Amino acid sequence: MSGTGFRFAIAMLIVGGGLASQAAAQETKSARGTVTAMGGNAITVKAAERELKFTVDAKTVLTASGAGTAERKAEAAGKPGPLLSDFVKTGDAVEVTYQETGGAMRATRITRVSSAGSGGGSVSGDRSESSNGTVASLSGSTLVISGSAGGGSFKQSFTVDATTKVIAVGASTAAATTGKIVIADFVGIGDQVTVSYRKAGSSLHADEVRVRVKAVKK
């Protein structure tokens, strides 16, 4: 989106408070954390261990001290409204109310807050589940586990990325040393694992992979 278009969108954010309630009925979630990036029509927020990217549009509402006054002054002077970056910057704590459709997250409201909260933030309304099984394959950004449940067998496929937390022998040391880890260095085929995950559109995103028993090397 061009600079002019982004300014228009943000101007609508500031004055469009009444529009949020008119959004199509669907599940609303919220995330509280720290802004890590801004640009185009998107804002990225780190909430606890997760980094979430939200799109903003003309129906998104911005709640920040001074935003309404700045918009009214700009309107009275016949000038474009202020930018989102005039009121929210990288490093600021915010709470984002959003709706998720097909894996894309659209911010319905962005509120600047005093603190991200304990643990660096949180995500609510985003139910987490867990599954126990044996690693069947790990390739690229996909982890597949297999196991048995309810008298039958199953296979589950999860998306893994840089936000996936790995709990295994040596993983915490590597993370502290390099700031990041490669999941394949600590999780292998045959390992017994517990995967904590959430639904992300039509896929399952692994928030945490905990290695319970390492496979015996032959």
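How many bridges join E9 to E10, and in which sense do the two strands run? The answer is 8 bridges, with the strands antiparallel. The legends below place this pairing among other close-up views.

The model is predicted, with pLDDT of at least 70 needed for local features and pLDDT 80 or more for side-chain atom pairs, while totals for chains, interfaces and linings use all residues. Residues are numbered from 1 along each chain as its sequence is written, and side-chain values use heavy atoms, leaving out hydrogens and water.

**Figure 1. Overview of the chain.**
Of its 218 residues, 37% count as buried. Buried denotes under 20% relative accessible area, exposed over 50%, and partly exposed the range in between, for a 1.4 Å probe and protein chains only. Among contacts (heavy atoms within 4.5 Å) between residues at least 6 apart in sequence, 60% join residues at least 24 apart.

**Figure 2**
Strand E8 (residues 129–139) and strand E9 (residues 142–149) run antiparallel and are joined by 5 bridges. Two strands are said to pair if DSSP finds at least two bridges between them. Thr-134 stands opposite Ser-146 in E9. E8 and E9 form a hairpin with 2 residues between them, and Gly-140 in the turn has a positive phi of about 60 degrees. On the side of E10, Thr-142 stands opposite Thr-159. The hairpin of E9 and E10 also has 2 residues between the strands, and there Gly-150 takes a positive phi near 60 degrees.

**Figure 2. Aromatic pairs.**
The structure holds 2 aromatic pairs. The rings of Phe-54 and Tyr-98 have centres 4.9 Å apart and planes at 55 degrees, so this pair is tilted. Rings of Phe, Tyr and Trp (its six-membered ring) pair if their centres lie within 6.5 Å; planes under 30 degrees apart are stacked, over 60 edge-to-face, and the rest tilted. Phe-54 belongs to strand E3 (residues 50–55) and Tyr-98 to strand E5, so the pair ties together parts 44 residues apart in sequence. Both Phe-54 and Tyr-98 are buried. The rings of Phe-158 and Tyr-197 have their centres 5.2 Å apart and their planes at 55 degrees, so this pair is tilted. It links distant parts of the chain, with Phe-158 in strand E10 (residues 152–159) and Tyr-197 in strand E12 (residues 192–200), 39 residues apart. Phe-158 counts as buried because its relative accessibility is 1%, and Tyr-197 is buried with a relative accessible area of 8%.

The salt bridges number 6, each being a side-chain nitrogen of Lys or Arg within 4 Å of a carboxyl oxygen of Asp or Glu. Glu-95 forms one of them with Arg-32, the closest N and O atoms being 3.2 Å apart. This pair links distant parts of the chain, Glu-95 in strand E5 and Arg-32 in strand E1 (residues 29–39), 63 residues apart. Glu-95 is partly exposed, at 28% relative accessibility, and Arg-32 is partly exposed at 26%. Glu-100 also lies in strand E5 (residues 93–101), and counts as buried because its relative accessibility is 17%. Its side chain makes a polar contact with the side chain of Lys-29 at 3.0 Å. A polar contact is a pair of N or O atoms within 3.5 Å; within protein, one must be able to donate a hydrogen and the other to accept it, and residues adjacent in sequence count only if both atoms are side-chain atoms.

Lys-214 forms a salt bridge with Asp-191, with the closest N and O atoms 2.8 Å apart. Lys-214 lies in the segment after strand E13 (203–213) and Asp-191 in the loop between helix H3 (171–178) and E12, so the pair ties together parts 23 residues apart in sequence. Lys-214 is partly exposed, with a relative accessible area of 45%, whereas Asp-191 counts as buried at 2% relative accessibility. The side chains of Glu-208 and Arg-210 also meet in a salt bridge (3.7 Å, N to O). Glu-208 is buried at 18% relative accessibility, and Arg-210 is partly exposed at 37%.

Key. Helices (H or I, at least four residues) and strands (E, at least two) are DSSP runs, numbered from the N terminus.
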